[in-house]
Amino acid sequence: MPSVIADNLSKVFRVADKQPGLLGTLRHFSHRKYRDVEAVKGVSFSIEPGEIVGFLGPNGAGKTTTLKMLTGLIHPTAGAAQVLGFKPFDRKAELLRQITLVMGQKQQLIWDLPTLDSLRINAAVYDLPRTEADNRVAELADMLGLSDEMTRPVRKLSLGERMKCELVAALLHRPKVLFLDEPTLGLDVNAQNAVRQFLRQYNQQHGAAILLTSHYMADITALCERVIVIHHGSLKYDGELRGIVERFAPLREVTFELKQDPAGQDFQRFGQIESTDGRIVKLLVERSRLTGTVNRLLHELDVLDLTVSDPPIEQVIGRLFEGAEE
Amino acid sequence: MKGIKAPRHQGTKGLDIVAHNETLGPSVPWSLGAFLSKSRAFLVTYYAMMVEYRAEIVLWAIATCLPLIMMGVWAEAGASGHFSVNRVQVVRYFIAVFFVRQFTVVWVIHDFEWHVVSGRLSPFLLQPIDPAWRFYFAHLGEQLARIPAAAVLFVLCFFLYPEALWGDAQQSGWWKPGVVNVLLMLAALHLSFILRFWMDYAMSVGAFWFERISAAHGLIYLPYLFLSGMVFPLQVLPDVLPGWVYRLVMWTPFPYMMWFPAELVSGQSLSAGQIAWGFAMLGGWCVAMYGLSRWAWRVGLKHYSAMGA
């Protein structure tokens with residue numbers, strides 16, 4: 001049975017519509033206008049136990065709203081959600097003991113106390129005996145490379161240290177389903193790597209299902225074999241990460257280095273020019289014409305080196321969103 | 001192993017949790033052991049948090065000195081003989097009111113509003129325990145942290161009005177409330193805190209609809225100020241207003257939040273029947289406010305938009 005099922009999930013928010021200025025303020029006071037914003041429109045997917053799924057979309061696409069519905073924080077306007085066989089909005093203790101939601105910049109740790117004090121509460125809330133709680137804290141701290149940070153007031157920690165401590169607090173009860181909303185937001189490269197490694201290790205050790213949103217494609221490419229793309233509240237793609245390249249990037253990148261300066265050469269006849277940098281040229285070529293084009297390049301030009309690759313996933317997804325905007 | 005070697009060695013005794021059993025097993029959220037374990041963890045942690053704010057707490061304790069100001073006003077009025085209470089009774093009453101006030105301050109509406117607006121309520125909603133308990137134990141932690149400041153101010157009262165201890169020409173004799181009365185006062189004091197907590201919590205839940213709900217606290221604060229006995233001893237009401245007003249006031253929850261616990265030790269004018277009636281009213285209003293807050297919570301949760309999170 002899937003760990004997470006979203007079945008035609010929709011969410012409509014009613015928001016006040018106010019014009020700027022004094023007149024707008026007075027009108028808003030006397031004749032308040034509202035409009036409905038469809039944040040999520042009939043999104044359906046499921047996630048199996050142990051699966052790590054990237055949940056992608058530009059700002060305002062509906063990712064966080066979907067996560068909030070799946071965790072039971074907000075009630076869907078239509079459709080249904082099921083997590084580990086429970087309806088999230090019922091907020092049954094049996095479900096809450098098995099899930100967690102980590103939000104990049106939102107903390108559950110008590111700001112003025114060391115992390116260990118917050119963990120003391122979490123351990124009691126989840127009915128963990130002392131020795132078990134101590135073992136789990138030690139294990140998680142070891143995986144995240146935390147030591148003295150646990151006894152310093154949270155307000156004195158760097159963003160990266162705080163995020164790692166948040167992860168310890170969020171995972172102390174060993175949840176089976178993790179909803180992670182921008183867990184690496186604002187972290188430096190080293191901290192991002194540490195969090196990614198930790199999540200992979202946690203997933204492998206505990207077989208947890210993970211739904212991860214991130215604006216850092218490195219998070220997605222490092223962790224997720226499957227991605228779900230959402231835009232303007234609608235699901236645009238659900239499948240393998242590499243499939244997204246095949247589906248939304250019909251062009252491949254051909255990079256070659258010439259023996260001599262290519263002054264006056266017309267590369268347009270081979271494909272779309274992506275960039276030229278001295279003797280190094282990058283072209284975008286349709287997949288169907290790739291073999292023929294490479295043959296022609298090797299025959300017609302004095303090529304020292306040639307590589308063929310997919311364009312970076314960031315570029316593909318960026319284009320996908322741009323296309324959706326149009 | 002790098003990283004921490006079980007945080008136990010850090011001098012904080014690690015996660016010093018009272019284990020109610022040694023196996024994880026299925027959840028038993030309301031076994032006595034689990035309840036005590038949770039209560040202890042919350043209380044110890046929130047006390048530690050409030051100790052971090054000790055400077056503010058001293059200021060809060062001083063800011064709740066209104067009963068001492070009113071004591072100065074009413075001490076003179078009591079001495080005039082125009083009311084049914086004399087100077088010593090008034091002074092003892094307001095010292096008791098000051099004591100009760102120190103341990104019944106409730107600020108949940110401001111804290112709850114901040115948690116809703118900042119999105120910090122969301123992680124707590126995803127834990128298998130009602131967030132109300134966090135707020136409740138935060139208040140208890142604050143009360144514990146307030147004890148030293150309150151004690152200093154309490155002793156100061158007797159320096160300013162030593163007649164509270166040994167009486168004066170109008171009313172001679174030491175102030176000896178008796179152990180039973182003190183215990184009854186402490187019980188009434190905590191029930192009064194519980195009543196105020198759930199009353200304010202019911203209002204706090206309005207943040208699910210209106211976000212900025214703390215201003216609504218003023219609606220309750222005004223009747224609380226005048227009908228709780230913080231500004232004047234309620235027994236003087238019949239001296240200045242028709243008797244039915246006094247009887248009506250006694251059906252509201254407010255007199256039991258301040259006047260009743262204070263009167264248990266100050267005037268000792270309450271009969272056994274009146275004491276029983278006072279506790280019945282306190283208990284009844286506690287149940288009513290708890291029920292109201294739980295109902296408001298269930299309804300309000302559907303309006304929560306988890307903003308800022």
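At 30% relative accessibility, A:R174 counts as partly exposed, a class lying between buried (under 20% relative accessible area) and exposed (over 50%), with a 1.4 Å probe and protein chains only. The model is predicted, so to speak of local features a pLDDT of at least 70 is needed, side-chain atom pairs count only at pLDDT 80 or more, and totals for chains, interfaces and linings use all residues. Residues are numbered from 1 along each chain as its sequence is written, chains are lettered from A and ligands numbered from 1 in the order in which they are written, and side-chain values use heavy atoms, with hydrogens and water left out.

A:R174 sits in the loop between α6 and β6 (177–181) of chain A; helices (H or I, at least four residues) and strands (E, at least two) are DSSP runs, numbered from the N terminus. Although A:R174 is not a glycine, its phi is positive, at about 50°. A:N8, also not a glycine, has a positive phi of about 55°. This residue belongs to strand β1 of chain A, and with 43% relative accessibility A:N8 is partly exposed.

Helix α4 of chain A (residues 115–125) is mostly covered, with eleven of its eleven residues buried. Among them are A:L116, A:D117, A:R120 and A:N122. The cover over the buried residues of α4(A) includes α5 (130–144) and α6 (159–171) of chain A, along with α1 (32–52) and α7 of chain B. Just after α4(A), A:D127 has a positive phi of about 55°.

Chain B has 15 helices and zero strands. Of its 309 residues, 53% count as buried. Where contacts (heavy atoms within 4.5 Å) in chain B join residues at least 6 apart in sequence, 77% of them link residues at least 24 apart.

Which helix of chain B holds B:R146? The residue lies in α7, residues 131–160, and counts as buried because its relative accessibility is 1%. The side chains of B:R146 and B:E142 are joined by a polar contact of 2.8 Å; such a contact is a pair of N or O atoms within 3.5 Å, where within protein one must be able to donate a hydrogen and the other to accept it, and residues adjacent in sequence count only if both atoms are side-chain atoms. Beyond neighbours within four places in sequence, the contacts of B:R146 include B:I57, B:W60 and B:Q102.

The largest nonpolar core has 186 residues, and those with the most contacts inside it are A:F45, A:I244, B:Y201 and B:F260. Its largest share, twelve residues, comes from α7(B). Apart from it lies another core, of 13 residues, including A:L258 and A:F267. A nonpolar core is a set of buried Ala, Val, Leu, Ile, Met, Phe, Trp, Tyr and Cys residues joined through side-chain atoms within 4.5 Å.

The largest pocket has a volume of about 580 Å³, the volume being the space filled by probe spheres set on grid points joined across faces, edges and corners. On a 1 Å grid over the protein atoms alone, a pocket is an open set of points where a 1.4 Å probe fits, with protein on both sides within 12 Å along at least five of seven lines; lining residues have an atom within 4 Å of a point. Of the 22 lining residues, the closest to the centre of this pocket are A:F13, A:R14, B:F208, B:H303 and B:S305. β1(A) gives the most to this lining, with six residues.
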